[in-house]
Amino acid sequence: MSEIIKVGIADLKTCISPNAVMTLGLGSCVGIAIRDPMNKIGGLVHIMLPDSKAITVGQHNLAKFADTGIEELVKQMERLGARRARMVAKIAGGATMFNFKGGGTTTSVGQVGDRNAEAARAKLKELRIPILAQDTGANYGRTVVFYPETGEYHIRAVGRPEKTI
């Protein structure tokens, strides 16, 4: 019997098929799902911020940041037997949940979703993990479920049809 493992905010979890991983409440946060399709090992990290080096407090939580969270997820998957050379990714989230205007322009606070998504893409590129699909941006939150067995990433949002990437 399979289990759906819950991933909290600024958290990450790994699993082996037939289990799946899910997270709730991806607003400006980004959910990065990675899998090794050969042995069906997967994982999900729910990042809140793009760069651990930009913040001097609270860096002890690796999963909180795109740069450290993705690296840690890959390391944990490798410990389970996944191989980085086979890993592929899908990402979702990075919404603009609030528009803050400052002097007639949108402030960087309102653009954290865009920065999170871009940081995730950059880190995956650095690690040579291709992104197969993504559902980022817009102005609504998402709940996601990732199945390492098939690589399906189910995305739910209030008032929208469920989509699979």
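Predicted model: local features only at pLDDT ≥ 70, side-chain atom pairs only at ≥ 80, totals over all residues.
**Exercise 1.** Decide whether V144 is buried or exposed, and list its contacts beyond four places in sequence.

*Solution.* 
- Start with location: V144 belongs to strand 10, residues 142-147.
- Next, take the accessibility. V144 has 0% relative accessibility, and buried means under 20%, so V144 is buried.

**Exercise 2.** Classify the ring pair F146 and Y153.

*Solution.* 
- Count the pairs: the model has 1 aromatic pair.
- Check its geometry. The ring centres of F146 and Y153 are 5.6 Å apart, and the planes meet at 85 degrees.
- Apply the cut-off: an angle over 60 degrees counts as edge-to-face, so this pair is edge-to-face.
- F146 is buried at 2% relative accessibility. Y153 is buried at 0%.

**Exercise 3.** Find which ring lies under the charged end of R160.

*Solution.* 
- The ring belongs to Y140.
- The charged end of R160 sits over this ring, 3.7 Å from the ring centre.

**Exercise 4.** Describe the backbone at P18, A10 and K40.

*Solution.* 
- The S17 to P18 peptide bond is cis, with omega near 15 degrees. P18 lies in the loop between strands 2 and 3.
- A10 is not glycine, yet its phi is positive, near 55 degrees. A10 sits in the loop between strands 1 and 2, and is buried at 11%.
- K40 also has a positive phi, near 60 degrees. The loop between strands 4 and 5 holds K40, which is partly exposed at 24%.

Note on methods: Residues numbered from 1 in each chain as written. Heavy atoms only, no water. Helix = DSSP H or I, 4+ residues; strand = E, 2+ residues; numbered from the N terminus. Buried < 20%, exposed > 50% of the residue type's maximum accessible area, 1.4 Å probe, protein only. Phe/Tyr/Trp six-rings, centres within 6.5 Å; stacked < 30°, edge-to-face > 60°. Lys NZ or Arg CZ within 6 Å of the ring centre and 35° of its normal.
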